[in-house]
Amino acid sequence: MTKKQILVLSSTLFFVWFVVYMATDVWGLINSFQQVNIIWAGINVILAVSLNLVVGFTGQLALGHAGFMAVGAYTSAVLTMHFGIPYVLAILAGAVMAFFMGIVIGLPTLRLRGDYLAIATLGFGEIIRGVLVNIDYVGGAAGINGIAKITNWTWTYIFTIITVVLINNFIHSLHGKACITIRDDEVASELMGINTTYYKTLAFSMGAFFAGIAGGLYAHYFFMIQPATFALQKSFDALVMVVLGGLGSITGAVLAGLGVTFMNAALIELGAFRMVIYSVLLILVMMFRPQGLMGNKEFSARVFDRILPKRGGKDDV
Amino acid sequence: METLIAQILNGLSLGSIYALIALGYTMVYGIIQLINFAHGEILMIGAYVGYFSVAVLGLNIYMALLLSMFVSSLVGVLIERIAYKPLRKSGRLSVLITAIGMSLLLQNGGLIVFGTDFVPFPQVIERIPYRLFGGRFVVTSHQILIFAVSILMMLLLQYIVGYTKIGMAMRAVSYDKEAASLMGINVDNVISFTFVIGSSLGAVAGVLLGLYYQTIHPLMGFMPGLKAFVAAVLGGIGVIPGAMLGGFLLGIIEALVSGYWSTTYKDPVVFVVLIVILIVKPTGLLGKNTSEKV
């Protein structure tokens with residue numbers, strides 16, 4: 001990216017933050033239902049982008065994202081409630097905890113082929129839930145209640161932007177390229193001297209780290225967490241977002257995160273029918289566009305270059 | 001000692017249900033290397049067909065079993081033809097995601113069609129407790145029925161796979177699809193037949209599960225489906241006797257955990273078993289080591 005593009009991008013991002021901030025806190029244009037969905041949008045974008053790192057870029061089908069979200073949520077909630085740790089530190093600690101859980105679960109299972117990973121991560125999500133139900137310190141099945149409500153639009157926005165930027169940079173680094181080779185052909189990648197287990201575990205635990213952040217944000221907005229909150233349904237939601245957005249597209253995942261949040265809000269009264277729509281979408285996308293709607297294409301500002309009339313020379317290539 | 005044996009007996013009847021489900025997984029996996037996530041939902045459909053044929057049509061349990069086997073295998077083949085067959089050439093990830101989509105579709109479709117309530121499953125045979133060894137152990141007629149039907153189905157499966165022409169074709173296709181088709185085997189039909197058998201076993205498991213838990217629900221298939229997959233991995237995926245062994249072992253483990261520890265730990269322990277087996281012997285107890293072909 002050129003300096004000019006970075007400038008344009010960061011000022012757009014700032015503008016978006018400013019408008020939503022003013023609309024919620026100053027002008028009072030956004031009602032509470034919309035506010036909840038704005039926070040959800042941030043959380044969903046984080047979940048989608050971080051799961052895309054694992055599924056879309058590294059090609060490992062992981063179904064335990066909700067489990068890592070739970071680790072982040074519970075850790076950060078306990079830290080702020082019982083130990084008085086500041087909010088940001090608590091969320092980061094939750095994410096680090098999820099990261100280590102990612103290593104613990106990833107090392108044994110990622111040595112194996114993808115199908116086992118799907119079941120093992122799914123099982124791991126259930127283990128987390130089962131263990132949380134049995135720990136009285138965190139309220140058992142009733143969960144934790146009365147967590148301080150600190151997450152707001154600004155925090156959600158900051159964490160979302162940081163997540164997207166960090167994962168984007170990782171993907172474009174040498175490590176990220178190693179992950180992509182694993183997705184494309186694991187055997188060839190190993191023959192090229194890439195330590196596939198290392199990179200798979202790295203991508204997996206990084207995904208877990210950011211899922212932990214999403215969990216921390218969630219806990220400090222909805223101020224109540226239960227093991228049932230982080231059921232498999234949440235992992236599947238994240239998978240739907242990744243598949244719709246495109247396996248291997250950061251902007252696709254961002255758009256899908258926003259889109260699914262919007263659809264969830266619009267279809268809230270449909271109940272089970274909403275999931276029928278999602279599952280049919282999932283199957284149709286896999287049949288007709290197995291790389292996801294956006295594929296590995298990125299949505300970029302160049303689209304506007306094509307739409308808007310050209311002003312000058314070729315300096316912005 | 002008494003509780004131990006009582007729990008093992010209990011585990012054997014639950015384990016035989018797991019074994020039946022695991023057989024469906026392992027056969028489909030053996031032939032097209034796909035984890036058929038929708039298998040648990042086939043089981044649920046089988047249970048509902050069983051329920052309707054007993055409660056509405058007034059059939060006896062054996063006719064109900066046959067009818068639910070028929071409907072479930074129809075659904076199984078439809079799923080295979082509509083969702084999995086077009087993707088046979090594409091990557092594993094796409095098929096796996098499609099299977100998950102199918103499972104979600106059937107679960108939520110079930111919630112819409114059958115409602116969200118737990119339905120009491122009709123108790124088709126009288127629950128008679130038999131006291132053995134001077135009343136020290138109690139075996140109920142339900143446990144005996146579940147165990148007997150499962151064993152019968154397994155024997156039937158062994159016969160079909162081992163001693164019939166279509167069984168030989170199945171073994172050939174699972175060994176090498178291309179070579180099998182060169183030998184004049186219609187691979188598509190053999191794969192569909194595998195789904196028929198797997199789904200029939202799943203349907204039987206569904207009806208038996210309805211008898212075991214005495215209620216049915218549109219989401220009832222999911223957890224037993226996952227556990228049966230763990231059983232299949234435990235025994236060695238793709239290996240038929242392995243699925244049976246894994247099913248029985250898992251049933252007994254679950255019964256022992258519920259009996260001696262706490263019922264809230266029985267689900268997590270199953271997945272701990274999975275992770276341990278994946279670390280120690282990823283090919284499963286009866287699996288053979290095969291190196292990946294490039």
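Analyst: Let's start with helix packing: the buried residues of α7(A) pack against α2 (32–57), α6 (153–172), α8 (186–191) and α9 (196–222) of chain A. Contact here is C-beta atoms, placed from the backbone, within 7 Å. Helices are DSSP runs of H or I with at least four residues, strands are runs of E with at least two, and both are numbered from the N terminus. This is a predicted model, where local features need pLDDT of at least 70, side-chain atom pairs count only at pLDDT 80 or more, and totals for chains, interfaces and linings use all residues. Residues are numbered from 1 along each chain as its sequence is written, with chains lettered from A and ligands numbered from 1 in the order in which they are written.

User: Which residues of α7(A) are buried, and how do you know that they line one face of the helix?

Analyst: In α7 (residues 174–184), they're A:Gly176, A:Ala178, A:Cys179, A:Ile182 and A:Arg183. Buried takes 20 or more other C-beta atoms within 10 Å of a residue's own, exposed is 12 or fewer, and partly exposed is in between. Down the axis of α7(A), the buried residues fall within an arc of 155°, so they line one face. That arc is taken over directions from the helix axis to the C-beta atoms. Exposed A:Leu174 and A:Asp184 sit on the face turned away from the buried side.

User: Why are α2(A) and α10(A) called roughly perpendicular?

Analyst: Their axes cross at roughly 70° and come within 8 Å. Roughly perpendicular covers 65 to 115 degrees; under 35 is roughly parallel, over 145 roughly antiparallel, and the rest oblique. The pair therefore counts as roughly perpendicular. By class, this contact has 8 nonpolar, 4 polar and no charged residues.

User: What makes chain A as compact as a globular protein of its length?

Analyst: Chain A has 13 helices and 2 strands. Its radius of gyration is 20 Å, close to the 20 Å from the globule rule for 317 residues, so it is as compact as a globular protein of that length. The radius is taken over C-alpha atoms, and the rule is 2.2 Å times the number of residues to the power 0.38. Buried residues make up 49% of chain A.

User: How many residues of chain B are in contact with chain A, and which helix gives the most?

Analyst: 35 residues of chain B are in contact with 35 of chain A. α4(B) gives the most, with 15 residues.

Terms used
Contact = placed C-beta atoms within 7 Å. Axes fitted to C-alpha atoms, helices over the stretch in contact; angles between N-to-C directions. Nonpolar A, V, L, I, M, F, W, Y, C, P; charged D, E, K, R; others polar.
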